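Me: Please show the sequence and the structure, so that some questions about them can be discussed.

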Amino acid sequence: MTTMIARRTRGRPRKEEGPAPRQILDAAVAAFARHGWEGTHLRQVAEAAGVDAALIARRYDGKMGLWQAIVDDVSRRLEDMFADVAQGPDAPARDRLAGAVEAFVRLNLELPDLGRFFIDQISRPGVRRDYVIARMWEVYRDAMLPIVAEAHGPARPGRDPALYVSLLLGAVAMPLMMRSVTMADWHAPAVRDAFVQNVLRLFVER
């Protein structure tokens, strides 16, 4: 896996200078999700992010560095999200589960191509698949499993926490992958809130 190394080139800006990383990384998630590894080029990401392709190449040391930065960024966002949920240990287990589910749904609404990116990467054996599993899937799974297990009580037939976390991921990712067909006006706050509430009703018992 490529290691990102900071370099200083005479007359050029430092990698950390220029546009904020968020607009580049979010554009890169969408590009890799839609075009795959082979079909994604830095110029596509640069055009979507409104920056120069040379800046991306310098900042991330090329395509692999950009790809790794995407995965690392999503991993940090997942870790921060679940850390916020875990700060309420005195809250009822069902409330913490609801908080975790809602946070996960809203993260995917911020990155609507994340599910497609994840599914594409894990479907192709190799170092990128292994990295995504370690940095994204295992962070999500290891944080959700104990919350689900506590909220649902002792494991029993039809209540497998491991299956729950897989189904939740699919239930969030698939509608967003099909949003042009199934979620008209998905940018609208009311539509997003309705999506969150529907997932909560499906996955959190009241």
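The questions and answers below go from the whole chain to single residues.

Me: What kind of model is this, and how are its residues numbered?
Reply: This is a predicted model, in which local features need pLDDT of at least 70 and side-chain atom pairs count only at pLDDT 80 or more, while totals for chains, interfaces and linings use all residues. Side-chain values use heavy atoms, with hydrogens and water left out, and residues are numbered from 1 along each chain as its sequence is written.

Me: How many helices and how many strands does the chain have?
Reply: Helices (H or I, at least four residues) and strands (E, at least two) are DSSP runs, numbered from the N terminus. From that end, the elements run α-α-α-α-α-α-α-α-α-α. The count is 10 helices and 0 strands.

Me: What percentage of the residues of the chain count as buried?
Reply: A residue is buried under 20% relative accessible area, exposed over 50%, and partly exposed in between (1.4 Å probe, protein chains only). Of the 206 residues of the chain, the buried share is 44%.

Me: Which residues of helix 2 are buried, and where do they lie around its axis?
Reply: Helix 2 covers residues 42–49, and its buried residues are L42, V45, A46 and A49. They span an arc of only 100° around the axis (taken from the directions from the helix axis to the C-beta atoms).

Me: What covers the buried residues of helix 2, and which exposed residues are on the face turned away?
Reply: The cover includes helix 1 (21–39), helix 3 (53–60) and helix 4 (63–86). The face turned away from the buried side carries the exposed residues R43, E47 and A48.

Me: Which side chain of opposite charge is nearest to R128, and how far away is it?
Reply: R128 lies in helix 7 (residues 127–152). Lys and Arg count as positive and Asp and Glu as negative; His and the chain ends are not counted. A salt bridge needs a side-chain nitrogen of Lys or Arg within 4 Å of a carboxyl oxygen of Asp or Glu. R128 is buried yet has no salt bridge, and the nearest side chain of opposite charge, at 5.7 Å, is E38.

Me: Which residues does R128 touch?
Reply: Contact means heavy atoms within 4.5 Å. Leaving out residues up to four places away in sequence, R128 touches W37, M64, W67 and Q121.
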